[in-house]
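Then we can walk through it together.

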Amino acid sequence: MTFVTEHEPDWRQRKKTATRDRLRASALRLFREQGYDATTVEQIAAAAGVSHMTFFRYFPSKEDVAMSDSYDPLIAQALEQTPAAWPVTRRIRTVLVQGLRHVYDTDRDALFAQNKLIVSTPALRERLWADQIATQQLILQALSPGDQPSFADRVTVAACLAAASTAILTWVENNGTPELPDLVDQAFDTLTHPR
């Protein structure tokens, strides 16, 4: 007879997270070394020390591992904590810039490598559009839970994501300069105070 303790789910979740992170790190390293198209799922799984079937338990495809990050749920959670009285643009800007500064301190190189890969790979650039629509929906739900988003909010969120995407593209095109949080801040300045 085995006893289930409260610690087992935490242990399982930590193990799953570690495997997912290892797969993602191995994939990004192989994409950098051999190129996206030349890298196979089998190579990624082997580099991470798991079977290719295990890969598919975590990621439906090679595109998914290349595009994956855990930022969207964190963005949504942070947005829910901002004052509802603030304008939508201010709420999004605050969360994106603060979140980026936090991520940037620990994962700048990985963030740059992933975005460089996405920008330089046609299949991933196409996928970025679909992912951005999902991010937009998540943000809209976080801004007004349970309510149907207004047209104005939909336009504002889309414009904010376009500003952030333009900052990321500029960051990659300029080989990581200026710093991404500063570029996102500049993008929002332009968005809120157009010339």
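Five aromatic pairs are found in this predicted structure; rings of Phe, Tyr and Trp (its six-membered ring) pair if their centres lie within 6.5 Å, and planes under 30 degrees apart count as stacked, over 60 as edge-to-face and the rest as tilted. Tyr 104 and Trp 171 form a tilted pair, because their ring centres are 5.9 Å apart and their planes meet at 45°. Tyr 104 belongs to helix 6 and Trp 171 to helix 8, so this pair ties together parts that are 67 residues apart in sequence.

A word on the ground rules: this is a predicted model, where local features need pLDDT of at least 70 and side-chain atom pairs count only at pLDDT 80 or more, while totals for chains, interfaces and linings use all residues. Residues are numbered from 1 along each chain as its sequence is written, and side-chain values use heavy atoms, with hydrogens and water left out.

The chain has nine helices and zero strands; helices (H or I, at least four residues) and strands (E, at least two) are DSSP runs, numbered from the N terminus.

How do helix 6 and helix 8 pack, and at what angle? Helix 6 (residues 88-120) and helix 8 (residues 151-173) meet at about 35°, with axes 11 Å apart. Axes are lines fitted to C-alpha atoms, for helices over the stretch in contact, and angles run from 0 to 180 degrees between N-to-C directions. The contact (heavy atoms within 4.5 Å) includes Leu 96 and Tyr 104 of helix 6 and Ala 164 and Trp 171 of helix 8.

The largest pocket has a volume of about 1600 Å³. On a 1 Å grid over the protein atoms alone, a pocket is an open set of points where a 1.4 Å probe fits, with protein on both sides within 12 Å along at least five of seven lines, and lining residues have an atom within 4 Å of a point. Grid points are joined across faces, edges and corners, and the volume is the space filled by probe spheres set on the points. Among the 49 lining residues, Asp 69, Tyr 71, Asp 72, Leu 111 and Gln 114 are the closest to the pocket centre. Helix 6 gives the most to this lining, with 17 residues.

| Place | Value |

Pro 178 sits in the loop between helix 8 and helix 9, and Asn 175 lies in the loop between helix 8 and helix 9. Most residues other than glycine have a negative phi, and most peptide bonds are trans.
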